[in-house]
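I opened this entry to keep track of what I looked up, one item at a time. The sequence and structure come first, then my notes.

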Amino acid sequence: MVIIPTYNEAENIRPIVTRVRESVPDAHILVADDNSPDGTGKVADELAVEDDHVKVLHRKGKEGLGAAYLAGFRWGIEHGYGVLVEMDADGSHQPEELPRLLTALKGADLVIGSRWVPGGRIVNWPKSREFISRGGSTYSRLLLDVPIRDMTAGYRAFRKETLEGIGMDEVASQGYCFQIDLAWRAIKAGFHVIEVPVTFIERERGESKMSRDIVTEAAWRVMSWGVGTRVNKVLGRKDSRDSKDF
């Protein structure tokens, strides 16, 4: 199941759903809409009527990317899906590359579509945005001592067992931080995480949800996690993230 969270993506949701269905005809799609005032939920409902592979999860309001994905993960697991995929609605994640992620998942527990490994690239991003993304991934990789090059990537394929094993009920982070959090949890829980190169294309329609608050939250949480882990090691304490109740 491909989970596509939406907030004011009425212009984008039909094209992206069409491309997913063409790229992976067997895939089911869950549009998790946060009560978009621009009518995205209505468009998604129309798609669901037209195609039985499309489902819609209507949420009460805008609660953030992390909350939308977690709700989508729970819905998918409850309805028996063994593979759950994160994908943006704005076309920045290319559905045509989804088969590459799914093929890689045969030998992994989590596959990340990465911009910062050989073969990965970005299109139409300003240098300032690239600096934030690259810097955020490097900052997280060093503080958390993980090998992942693109910690903030949002194009991912999870096995159901991976999501069940990382303590989803304890995840409270959002935005950039949400992606960092889940990747780190997966590694700490002993799951096999790999990256495959993808091409990330800046959205052509609608507005980006990136904000200073999202970046600040990520920087603060990552620092607290990294420092906390190091302190626990020095003091000989068990890192709470080494267990399923982290």
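**Strand β1**

I began with β1: five of its five residues are buried, so the strand is largely enclosed by the rest of the structure. Here buried means under 20% relative accessible area, exposed means over 50%, and partly exposed is in between, with a 1.4 Å probe and protein chains only. The model is a predicted one, where local features need pLDDT of at least 70 and side-chain atom pairs count only at pLDDT 80 or more, while totals for chains, interfaces and linings use all residues. Residues are numbered from 1 along each chain as its sequence is written, and side-chain values use heavy atoms, with hydrogens and water left out.

I checked which way the side chains of β1 point. Val2, Ile4 and Thr6 point one way and Ile3 and Pro5 the other way, and all are buried. In a regular strand, side chains alternate between the two faces of the sheet.

**The sheet**

I then looked up the partners of β1. Strand β1 (residues 2-6) runs parallel to β2 and is joined to it by five bridges. Pro5 stands opposite Ala32 in β2. Two strands count as paired if DSSP finds at least two bridges between them.

In what order do the strands of the open sheet run? The order is β3-β2-β1-β4-β7-β5-β8, seven strands with mixed pairing. The edge strands are β3 (54-58) and β8 (193-197), each of which pairs on one side only. The twist averages 20 degrees from one strand to the next.

Helices (H or I, at least four residues) and strands (E, at least two) are DSSP runs, numbered from the N terminus.

**Asp34**

Is Asp34 buried or exposed? Asp34 counts as buried because its relative accessibility is 4%. I located Asp34 in the loop between β2 (29-33) and α2 (40-50). Its side chain makes a polar contact with the side chain of Arg59 at 2.5 Å. A polar contact is a pair of N or O atoms within 3.5 Å; within protein, one must be able to donate a hydrogen and the other to accept it, and residues adjacent in sequence count only if both atoms are side-chain atoms.

I also listed what Asp34 touches, leaving out residues up to four places away in sequence: Thr6, Tyr7, Arg59, Gly61, Lys62, Glu63, Gly64 and Ala68. Contact means heavy atoms within 4.5 Å.

**Helices α1 and α2**

The axes of helix α1 (residues 13-23) and α2 come within 10 Å and cross at roughly 35 degrees. Axes are lines fitted to C-alpha atoms, for helices over the stretch in contact, and angles run from 0 to 180 degrees between N-to-C directions. I looked up the residues that meet: Ile13, Arg14 and Val17 in α1, with Thr40, Val43, Glu46, Leu47 and Glu50 in α2.

**Two asparagines**

Asn8 lies in the loop between β1 and α1. Phi of Asn8 is near 55 degrees, a positive value in a residue other than glycine. Asn8 is partly exposed, with a relative accessible area of 30%.

Asn124 sits in the loop between β6 (121-123) and α5 (127-144). Its phi is near 70 degrees, again positive in a residue other than glycine. Asn124 counts as exposed, at 59% relative accessibility.

**Whole chain**

Last, I noted that buried residues make up 52% of the 246 residues in the chain.
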